[in-house]
Amino acid sequence: MTLMRKASTARKVKNLVILDVLTSGAVGDGKTNDTDAVNACIGAAPEGATIKFPAGQTYVLDGLEPIEKSITLDITGAKFIVNPSKARPGYPNGSPVFWFRGAVEEEVPIANTIAYSKVITLSNPQDAAKFSIGDDVVISDNYQWKKYNNTDSGFFGRAECNTVLDINGATITLGKPVELAYNVTPTLLKIKTLDNVRVIGEASHITEPDPGEPYDTSNGLYGACPHIFHFQYCKNPNLSGVTIDKWRVHAVNFHRCINPVAKNFIARDPYYTSTGGNGYFLRGDQCLGGNVTQNYTRSVRHAIDWVYCQDSQSSHNISYGCIESDYTCHGLGNRRIKSVNDTSIGSLGYGWVSGNTSFREDYDFTVENPTYYGFGSGVVRFTTYSERMRIINPTFFCAGGAIQMNLGARGLEVVGGTIAYISDVSRSRAILINQGDLSSEVPRDVSFVGTLFKHPGLSALAAFIEITSCKGTLEFRDLEFEINDATCKPMLIGSSAAPEYVVVKGVQVSGVYSSGLWVENSASYLCSVMDCIMKTGNTGYAFHLPITTKTRFTGNVVENTAKPYEWTGGTVLDKASNGAIVRNNVPEVPGSEQGVKYSSAAPTTGVWRKGQISLNTGATSGGNVGWICTRAGEAVANTWAANTAYAVGEKVQANAKAYLCTVAGTSGSTAPSHSSGTATDGTVTWEYLGPSAAFSAFGTIT
């Protein structure tokens, strides 16, 4: 039987009461401590009231008492000098200045949950009476997160916000699927959320005097922690327009909130940003939804930081001179986080990060239209078992690294946009996909599609994209490289990389560069290179590739260079007869499939595949139509002869093999027959080139 209990709506009733803190005893002269007067004013306010701090006054506040009702703080035009670190009864380490706190009304045990299911089961059926349809709830457990190296202890606890959709006996159906399998003493918390609390702060200003030392994060970062604004168990909290200069811990902290919003803040120059947990602008922890938008930050440790949140977003923010990372998925299983039209300028660390060595495992971080100008450690870091990071239409002008992916991260996609390397300091690479310091875990699945890469040559760059370790699929499609550095390899796949597939299609390289595509080892994976254009300017070989039975090299063009191709691991001819596909490239790859050729006699130059045809350009009635290759190899005009003088560079055929004279002299009485390296014949030294081609005439013209 389904129980249809309706949630109480009493706490959602709005009240038009406006209370003025000055009439409650606040002075606002910048000297008198107004904490008690403001606490009294808030304590007297009914649900839905507005507490007004008249503009033009300067209020001195310590940490206020927790606000446990849905009200609005109107601080428009007001100034504040705050001291959240001041110890007070019950809070020896201080407490938030403005602390909105909902309540946990019930906590009951539940059976282990199934990931992505909406259904949970109460351990005790009688606990169903404690819940109603529409209740806000939190699912949590005591799971211990591992650090990235799988051995060190990490953080305890997972939690996520949800709502009750239906109740049937001991079974509760939730409003959205549970993200994880909660299986370490899981519980269900019934929450009395504060709904629609607001802070209206246009033209307001807050500053915290230097407490003298960094905050000790072992005292916790939630609850009674000396943030400026702290929201705990709130629904649709909304802050706007506040300017904060100088603070210690977090300017804004959301903990287990639903759809929080913070916009139009200016937050500058916090203290102790070199110490973890200090100097953040905004942190969301275990939140559902929300948007942080149109804020400006300067010299913060993190601008916007998500920890185990779902479906949260930042948009149209500008961060200047960030110390650690601007827009961060900090780990503990964030899901479906987005950064849209955010900008990082002059960052000393990273612009966008997914994963953390202490927290690990983020999922599905989408970064749309990001803009970066800076010289920090890098623009993007994707790491520690995090999965699926999409960077769409980036505009990156970086003097440090552009993208780093390592430590077991999976599924990097870069689509469109421009990535420019503008450093005046030489570096090894701009984009690096590598193993990091985990011996057993390497990144997996990387895709670059439709991106323009620029390197104007202000300094040397060994490689623009370097892959040293990667499994799965490497995909490079429709890319364009503009390079002005004779030492730079636009795409380098190292000998330790071990993907299953490499696809390079529609890539164009222009300017001055070393080798356009350099692959050091592909014996174990399918390497497909198609429809690429290497324009004039390469100082090394345009393509440096191993040739294996899994090589696919078709439709590529190298313009006006003496160094189009370099092959390792065998000859094109040998591998093509055993599965490699090499055809329709310009200039022609010796030994590849190039279709019909033309000659006036049996061919005497070039490398030929068995079955290739050369049509007779001097055909007459009664003559043959052409010649067909009956034995693959190199066509050689001269047959070896005994007691004959040979010069360096001459080629001969003998015993169905082709040889090149490398030391001039006179041949002996026995033809060379070796199948590798060099051998001496009389005083001549012959280098083995491979099989010699054989041809037969075919067809008769009537």
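View 1. By class, the lining of the largest cavity has 6 nonpolar, 1 polar and 2 charged residues. Here Ala, Val, Leu, Ile, Met, Phe, Trp, Tyr, Cys and Pro count as nonpolar, Asp, Glu, Lys and Arg as charged, and the others, Gly among them, as polar. The residues to look for are Asp136, Val137, Val138, Cys161, Ile191, Thr193, Tyr233, Arg256 and Ile258. Strand β10 is the top contributor, giving 3 residues to this lining. The space comes to about 30 Å³, and the count is 1 cavity of 30 Å³ or more. To find it, a 1 Å grid is laid over the protein atoms alone: a cavity is a set of points where a 1.4 Å probe fits but cannot get out, a pocket is an open set with protein on both sides within 12 Å along at least five of seven lines, and lining residues have an atom within 4 Å of a point. Points are joined across faces, edges and corners, and the volume is the space filled by probe spheres set on them.

A quick note for every view: this is a predicted model, where local features need pLDDT of at least 70 and side-chain atom pairs count only at pLDDT 80 or more, while totals for chains, interfaces and linings use all residues. Residues are numbered from 1 along each chain as its sequence is written, and side-chain values use heavy atoms, with hydrogens and water left out.

**View 2. The largest pocket.** About 830 Å³ of space sits in this pocket. Its lining takes in 41 residues, with Phe155, Arg283, Val307, His330 and Phe359 nearest the centre. Elements giving two or more residues include β10 (136–146), β11 (153–168) and β13 (187–192). Of the elements, β11 gives the most, at 5 residues. Helices (H or I, at least four residues) and strands (E, at least two) are DSSP runs, numbered from the N terminus. Sorted by class, the lining holds 12 nonpolar, 20 polar and 9 charged residues.

**View 3. The second largest pocket.** This one holds about 370 Å³. Its 15 lining residues have Thr571, Val572, Leu573, Val607 and Leu689 nearest the centre. At least two residues each come from α2 (572–576), β61 (633–634) and β67 (684–691), and β67 has the largest share with 4. The class tally is 9 nonpolar, 4 polar and 2 charged.

**View 4. A salt bridge between Asp135 and Lys190.** The closest N and O atoms of this pair are 3.7 Å apart. Asp135 is in the loop between β9 (119–121) and β10 while Lys190 is in strand β13, so the pair ties together parts 55 residues apart in sequence. The whole structure has 28 salt bridges, each meaning a side-chain nitrogen of Lys or Arg within 4 Å of a carboxyl oxygen of Asp or Glu.

View 5. Most residues other than glycine have a negative phi, and most peptide bonds are trans. Val586 and Pro587, though, are joined by a cis peptide bond with omega about -5°; Pro587 is in the loop between β56 (581–583) and β57 (597–599). Tyr116, in the loop between β8 (103–109) and β9, has a positive phi near 70°.

**View 6. The start of the chain.** Residues 1–13 stay under 50 in pLDDT, with 30 contacts beyond four places in sequence. pLDDT is the predictor's confidence in each residue, from 0 to 100, and contact means heavy atoms within 4.5 Å. Where pLDDT is low, the predicted coordinates should not be read in detail. For the protein chain, mean pLDDT is 92, and 97% of residues reach 70 or more.
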